[in-house]
Amino acid sequence: MNVIAWIVEGTWPACVDAARTHAPEGADLVLLHVTDPDVAGAGHGAYAGLLGRGHPERDPGTRLEHLAAASADDLLTAAADRVGRPCTRLERTGRVEREVVAAAEDAELLILARDGDRSHLGPHSLGPASRFIVDHAPCPVLLVWPEPAPGVDTIPPPPPHPPHHG
């Protein structure tokens, strides 16, 4: 069995704990982190557009790329330590939601955490990237709360019924 846990800053412990609980012993467990290149790209663009191109060593985009790589490595190391069993660490770069879906192509389970408004039950508990992943994942998805789920009394009320004309 191939199980992928999407590791994201802030919610990764819940995904790792779910992987420990739901991935059978002997499963190929992959801890996946995706870095969005837009942040470093913005740094490169700002430098080129505002500060000139004469000193590439001053380009803040390069520094941002190095920081993102170090942060991803630290996060994956912490996740691997927490999982406490053999796993593969996978770092990808690209549009986050598309990279996660692509990485799950041969998976039998994808684990991700809610990342939207977690004060209420309902669809707003998923951010745009997570919603895309849930809608397009090519495998079963285990969606976890990064903290205890809110009570059922937080479910939004149903929309009003349209008037019945008869």
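Q: Of the contacts in the protein with a separation of 6 or more, what share comes from residues 24 or more positions apart?
A: Those residues account for 75% of them, with contact meaning heavy atoms within 4.5 Å. Before we go on: this is a predicted model, where local features need pLDDT of at least 70, side-chain atom pairs count only at pLDDT 80 or more, and totals for chains, interfaces and linings use all residues. Residues are numbered from 1 along each chain as its sequence is written, and side-chain values use heavy atoms, with hydrogens and water left out.

Q: OK, and in what order do the elements run from the N terminus?
A: The order is β-α-β-α-α-β-α-β-α-β, which comes to five helices and five strands. Those are DSSP runs numbered from the N terminus: helices are H or I with at least four residues, strands are E with at least two.

Q: Is strand 1 enclosed or open, and why?
A: Largely enclosed by the rest of the structure, because five of its five residues are buried. Buried means under 20% relative accessible area, with a 1.4 Å probe and protein chains only. N2, I4 and W6 point one way, while V3 and A5 point the other way.

Q: Which strands does strand 1 pair with?
A: Strand 2 is one, parallel and joined by five bridges; strand 4 is also parallel, with three bridges. For strands to pair, DSSP has to find at least two bridges between them. I4 has V30 as its bridge partner in strand 2 and stands opposite L110 in strand 4.

Q: Switching to packing: how many residues has the largest nonpolar core?
A: It has 22 residues, and V3, A5, I7, L31 and I111 have the most contacts inside it. A nonpolar core here is a set of buried Ala, Val, Leu, Ile, Met, Phe, Trp, Tyr and Cys residues joined through side-chain atoms within 4.5 Å. Helix 1 gives the most, with six residues.

Q: And what does A5 touch?
A: Leaving aside neighbours within four places in sequence, A5 is in contact with C15, A19, V30, L31, L32 and I111.

Q: Last one, E99: buried or exposed?
A: E99 counts as buried, because its relative accessibility is 17%. The residue lies in helix 4 (residues 96–103), and a polar contact of 2.7 Å joins its side chain to that of R92. Such a contact is a pair of N or O atoms within 3.5 Å; within protein, one must be able to donate a hydrogen and the other to accept it, and residues adjacent in sequence count only if both atoms are side-chain atoms.

Notes. Buried < 20%, exposed > 50% of the residue type's maximum accessible area, 1.4 Å probe, protein only.
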